[in-house]
Amino acid sequence: MNEQMKVIFEKIKAYNRIVIFRHKRPDGDAVGSTLGLRGILRLSYPQKEIIVNNCDYSDYVGFLGGEDPAMPDEFYTEALGIIIDTATSDTVSNPRYALCKEICKIDHHIPKESYGDYEWVEEHRSSSCEMIAAFYAAFKDELKIDVDTATLIYAGMVTDSGRFRFRSVSGDTMRLAGMLLDEGVDTDHLYANLYMKEFHTLKFQAEVYKKMKISENGVAYLYVSRAMQEKFGLTFEEACASVSYMDSIKNSLIWIAFIEADDGNIRVRLRSRFVTINQIAEKYNGGGHDCASGATVKSRSEMRRLIADADARLKEYKESNEGWL
């Protein structure tokens, strides 16, 4: 059992008020892990005040349920803050996390910043939801779970692991997923909510296949302008999902979506097979995992430089390795 996990468990038992935070622009893992931990703790300690409070949300996983309303500043000052799935303090959705009496960090990203009073970081994990499942499993003699809470955690595991296809998936991942399924998770309902597509989204997907390009050494990439987003009636999340449409091209081991944002910046979603790409993301105001990262560029010229860096990285990989498709 992880020592940091034990420390965080003791802190949870010691506090009567707990506030749970996550990163901005949340994905399934951020929402599932925070709402899932809230569910476990509310079931286990009904006498405690336990909330999830952040400053934005996600339409994509809105079906999983909502968060809690904002509280006055004094509410936080006697609380334990738990920040999940957030590598750096500047990406925490609610800046009032800093008011908390003590702060715990639970994360599975490659460490970029040490913050908080207590940290439990396991970068080999497929998701933060996997860590929350492991947390429950470690202390199941004292903690409680139900089907709704298990569904939240399982949803984050499914989405962050690419439906259990990414290299970060281990035997432990699958055992923990099985533990959650044993609680009665309705996978038909869950997968319908996660993966059924609106008609306009499918029309956009067809456009992606028309517009995507490929570099000399096999980097597939796409630029999604504001005009394209408006043409197809896309949410920003739907535009970002375009990166997954390029994940099955032979000889293309890196694929990238560039999405024009309202503020004029260009958000970048980088994905890869076999090739490590998080260093590229870090060079362009981002970071993440070995094969799944995010970044931000300020212009089309900077976008072209990122593509060139990715192309050089892929060329180097192909020249030095065998067995890739």
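## Strands around β9

Let's start inside the sheet: β9 pairs with strand β11 (residues 292-297) in the antiparallel sense, over six bridges. Strands here are DSSP runs of E with at least two residues, helices are runs of H or I with at least four, and both are numbered from the N terminus. Two strands pair if DSSP finds at least two bridges between them. Across from Val268 you'll find Ala295 in β11.

This is a predicted model, where local features need pLDDT of at least 70 and side-chain atom pairs count only at pLDDT 80 or more, while totals for chains, interfaces and linings use all residues. Residues are numbered from 1 along each chain as its sequence is written, and side-chain values use heavy atoms, with hydrogens and water left out.

Now for the other neighbour of β9. Strand β8 (residues 254-260) runs antiparallel to β9, with seven bridges joining the two, and Phe258 stands opposite Val268. The β8 and β9 strands make a hairpin with five residues between them, and Gly264 in that turn has a positive phi of about 95°. Strand β9 (residues 266-272) is mostly covered, with six of its seven residues buried. Buried means under 20% relative accessible area, exposed means over 50%, and partly exposed is in between (1.4 Å probe, protein chains only).

## The whole sheet

Zoom out and you get an open sheet of six strands with mixed pairing, in the order β6-β7-β8-β9-β11-β10. Its edge strands are β6 and β10 (287-288), each of which pairs on one side only. Ile214 has Ala220 in β7 as its bridge partner.

## A positive patch

Which residues form the positive surface patch? They are Lys213, Arg300, Arg304 and Arg305. Patch residues have over 30% relative accessible area and no salt bridge, with like charges joined within 9 Å. Lys and Arg count as positive here.

Helix α12 (residues 300-320) gives the largest share of the patch, three residues. Lys213 sits in strand β6 (residues 213-214), and it counts as exposed because its relative accessibility is 52%.

## Salt bridges

How many salt bridges does a search of the whole structure find? The total is 22. A salt bridge means a side-chain nitrogen of Lys or Arg within 4 Å of a carboxyl oxygen of Asp or Glu.

One of them joins Glu10 to Lys13, whose closest N and O atoms are 3.3 Å apart. Both residues lie in helix α1 (residues 3-14), three residues apart, or about one turn of the helix. Glu10 is partly exposed at 45% relative accessible area, and Lys13 is partly exposed too, at 30%.

Arg165 and Asp247 form another, with closest N and O atoms 3.9 Å apart. This pair links distant parts of the chain, 82 residues apart: Arg165 is in the loop between α5 (147-160) and α6 (171-181), and Asp247 is in the loop between α10 (236-240) and β8. Arg165 counts as exposed at 55% relative accessibility, whereas Asp247 counts as buried at 19%.

Then there's Lys283 with Asp309, at 2.8 Å between the closest N and O atoms. Lys283 lies in helix α11 (residues 278-283) and Asp309 in helix α12, so the pair ties together parts 26 residues apart in sequence. Lys283 is exposed at 55%, and Asp309 is partly exposed at 24%. Elsewhere, salt bridges that share partners join Glu122, Arg125, Glu130 and Asp172 into one network.

Conventions
Patch = residues over 30% accessible without salt bridge, like charges linked within 9 Å, V, L, I, M, F, W, Y side chains within 5 Å. Areas by Shrake-Rupley, 256 points an atom, 1.4 Å probe, with all protein chains shown as cover. Charge placed at Lys NZ, Arg CZ, Asp CG, Glu CD.
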